[in-house]
Amino acid sequence: MQKSVLFFNEINKTSLPYVGGKGANLGEMTKAGFPVPQGFCITTLAYQAFVETSGKMNHFFTQLDHVRENSLDEIRVLGEQIRNHLETLAIPRELEAAIVKAWQQSGKKKAYAVRSSATAEDLPGASFAGQQETYLNILGQDQLLNSVRRCWASLFTDRAISYRVKNGFDHRHVFLSVVVQEMVFPEVSGIMFTADPISGNRNVTSIDASFGLGEALVSGLVSADLYQVRSGQILQKKISDKKIAIYSVSEGGTVTKELSIDQRCAQALPDEKIIELANLGDRIEEHYGTDQDIEWCLVDGEFYIVQSRPITTLFPVPRVWDDRVHAFVSVGHQQMMTDALRPLGISVLRTFFPFKPAGTAASESPYVLEAGSHLFFDITNLLYLKPLKKILPRLFSGIDERVGSAVSELIQRPEFQLPADKRLQKTAMRIARFGGKNVLVGLLFRDPSQARPFVNTFMKRSLEECEQFIFAVTGAERIRRIQEHLGNLMLSILRVVSRYFGSGLIAMVLVKVLAKRWRLSDENVQLLNKSLPGNVTSELGLQIGDLADCARQYPEVIEYLQNANDATFFEGLNRVPGGSEFGRAFEKFLVSYGMRCPGEIDITNPRWREQPTRLVPPILSHIRAQKPGEHRQNFEQGRIEANEAADQILAQLRRTRGGVFKARFMTRLIRVYRNTVGMREHPKYILIQHFDLCKRAIWEEAGRLVQSGVLRHESDVFWLSLGELFALEDRTFVGDVQQVIIDRQRQYEQDKKLTPPRMMTSEGEIITGTRRDVEAPEGALIGTPVSAGVAEGYAKVVLRPEEAKLNPGEIMIAPFTDPGWTPLFHSAKALVMEVGGS
């Protein structure tokens, strides 16, 4: 295809490289029979021919290569220079003749809209909409050619340059087509989204409408009417005060006019036209197979479509296999890790979660579903159980207050008032009876001091059995055993840990409830939570402090750490004074915690044993922020304060009526509380150790697949599920594995930019939830308090723990934290997170 001009009826979706996203969509809709005003596209080949006549553009492109997205002044100056240059550059004669010929063929006396259409525009993963220019009501040859030239120049607006830099588009390889489309002069125009762009609900069509041309609405000059339609019925209408409208003028161009008092508050579209337009939107969406953002006009009672593009802001919806409305809760928000997951990480987690369909432990859970490289729990069936309707919001609120609020809102909806499946009810009752009995025995009779030895013995034994089971075989059988082991792991861990941990949680709740009823000191009750023994995550943080104290004795070690690399980390340490001693302490730490890392629930994330330099920032931050031994002293002081608080609580009780009995019962509760609640981190610690063994085994298999030429790199396994890895080993994999890997890497890079919702439905509706109603000054950020007290200091935003450089007295602001962030906690004066709960 070498044409410099193509008419709409010559264009379809495959023409995108030549006519850009906007032009390809107009041609596609024209061929599909939708009401599109006719016109033609000046192709990207014409743009390239135009730019090639410039002797300066290569120099400009070289300058653009070095621009950063936040260098706004540099972008502004450079963009203005490029636009001024291109707007004064002559169009080649042959190209100008082709444009004029197409214009004459379309009708010299007609008015046209001249719009830019970039080759990276209106794609499923990126939207360049509104970054280049649009010129309306263009009349005559001179106006047309000037508008075309200005459209080409608009590829270098400040916003367009910045967007390309941010999203990694090469300025040399984004080309511009110009759409020349016959103008229609509407009474009403606007934008239609075939899915609600605010809530995300895919079954609700949202229509914005205002009088005159749509430019007033698009440019934000006017508040449009809002109509929402579902299943052919109008859900709501919000009639706005439309003060102005933009209209065409006879000599070309547009004019802004004030509307009359009657027209300002009139409904722009009558009800029957709202339904008709929504039906047209459904047909366009069906044609494209995805939700659409549609620009429309109403002229003499007939609708015209002047643009349609994918909606790029919607979060993908987990796929379900029935017609019920499902409720999904973000796994990432529950696990304090909202980053995108790679396919192997997704597969491992879905295999780990229980309650699989008939048969095999190797199956992936149907109640943990993927969307946009994130995982979601399908809690639909739980919402039908009457006993859980009160408990679930409270349980989720303990993890994230807004999730608890969202669950509470959903439970009230009619679609979740259905009777529960009888098998589900029986299963829930069995679990409740077993759990209740276990908790009661632990609360009243078991020796809580035996909790840690009991769980640690299980942990050691289970890891030895896992290693023997998985590493005894190779190939497809090893992958099958990994699937089987992961499938049984969760229930195995819960059976053991719940023996004590559930009792500890109940004891903690009872202490707080009884203390309030018996009017005990709230401050003393809060102090009971200090320096809980047996918390593996707290111990991790303390050992980081020990490493910092070891390093601070040797200035050469500190200097070395600032420039160390992973490949030669320990080798280089041995060459500096004190390095051997620090290295031995570091290796001892890795024996206990080397399998951990930030975002550790994703098996594909590098562990500390794989990249030891990730521990350097928290060690150096600790040296800056803490005195030698201060971390241990603080922890011991917390233990003393907790014991003193317990003594004061009991002494206060003994002075009350029935105090002897109350004190005896409270003594038991505090003992269970203090000895077992610290073990709340053990389930995840055990899980991550098992994940690490599985990762080592998978990595060995990846090495064999590389040697046999099946994979190019060991890390390629991260882009495959366990089932696909089994098929590779078993030589039953169907398709081109390398292309699969490339496609998933591209999709992952797109999904990394998404923000997963806390909760959503299978209709795509995002349920945001609300914070509890609290009194706060205007402009305050309302959150969930976790620990009492006031902290004041400089705020430092830390997006990645390996990049942290905390100074004494600084407050750390983080997107989320998991045990992999723990090394920074002793260095921070206080902590604020976007995601998390008490």
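Okay, let's start with the rings: Tyr560, Phe569, Phe570, Phe582 and Phe586 form one aromatic cluster. For pairing, I'm taking rings of Phe, Tyr and Trp (the six-membered ring for Trp) with centres within 6.5 Å; planes under 30 degrees apart are stacked, over 60 edge-to-face, and the rest tilted.

Before I go on, the housekeeping. This is a predicted model, so local features need pLDDT of at least 70 and side-chain atom pairs count only at pLDDT 80 or more, while totals for chains, interfaces and linings use all residues. Residues are numbered from 1 along each chain as its sequence is written, and side-chain values use heavy atoms, with hydrogens and water left out.

Now the overview. The protein has 29 helices and 20 strands; these are DSSP runs, H or I of at least four residues for helices and E of at least two for strands, numbered from the N terminus. The C-alpha trace spans about 100 × 65 × 60 Å along its principal axes. Of the 838 residues, 51% are buried, where buried is under 20% relative accessible area, exposed is over 50% and partly exposed is in between, with a 1.4 Å probe and protein chains only. Taking contact as heavy atoms within 4.5 Å, residues 24 or more positions apart account for 69% of the contacts with a separation of 6 or more.

Which residues have the most contacts inside the largest nonpolar core? They are Phe582 and Ile619, in a core of 113 residues. A core here is a set of buried Ala, Val, Leu, Ile, Met, Phe, Trp, Tyr and Cys residues joined through side-chain atoms within 4.5 Å. Helix α27, residues 682-707, gives the most to this core, with 11 residues. If you skip neighbours within four places in sequence, Phe582 is in contact with Leu547, Cys550, Ala551, Val557, Leu561, Leu573 and Ile619. There's also a second, separate core of 43 residues, which includes Val67, Ile75, Ile91 and Val174.

In one of them, Tyr384 and Phe416 sit 6.5 Å centre to centre with 35 degrees between the planes, a tilted pair. Tyr384 is in the loop between α13 (380-383) and α14 (386-399), and Phe416 is in the loop between α15 (401-411) and α16 (422-444), so the pair ties together parts 32 residues apart in sequence. Both residues are buried. Then there's Trp699 with Phe718: centres 5.8 Å apart and planes at 35 degrees, so that pair is tilted. Trp699 lies in α27 and Phe718 in the loop between α27 and α28 (722-730), so parts 19 residues apart in sequence are tied together. Buried or exposed? Trp699 is partly exposed, at 38% relative accessibility, and Phe718 is buried, at 12%.

On a 1 Å grid over the protein atoms alone, a cavity is a set of points where a 1.4 Å probe fits but cannot get out; a pocket is an open set with protein on both sides within 12 Å along at least five of seven lines; lining residues have an atom within 4 Å of a point. Points are joined across faces, edges and corners, and a volume is the space filled by probe spheres set on them.

How many cavities of 30 Å³ or more does the structure hold? There are 3. The largest cavity has about 190 Å³ of space. It is lined by 20 residues, with Arg115, Gly214, Glu215, Cys297 and Val306 closest to the centre. By class that lining is 12 nonpolar, 4 polar and 4 charged, counting Ala, Val, Leu, Ile, Met, Phe, Trp, Tyr, Cys and Pro as nonpolar, Asp, Glu, Lys and Arg as charged, and the others, Gly among them, as polar.

Two of those lining residues, Arg115 and Glu215, also turn up among the residues touched by Leu136. Leu136 is in strand β4, residues 134-138, and is buried at 11% relative accessibility.

Last, the second largest pocket: about 1200 Å³, lined by 42 residues, with Thr338, Asp339, Ala340, Arg800 and Phe816 nearest its centre.
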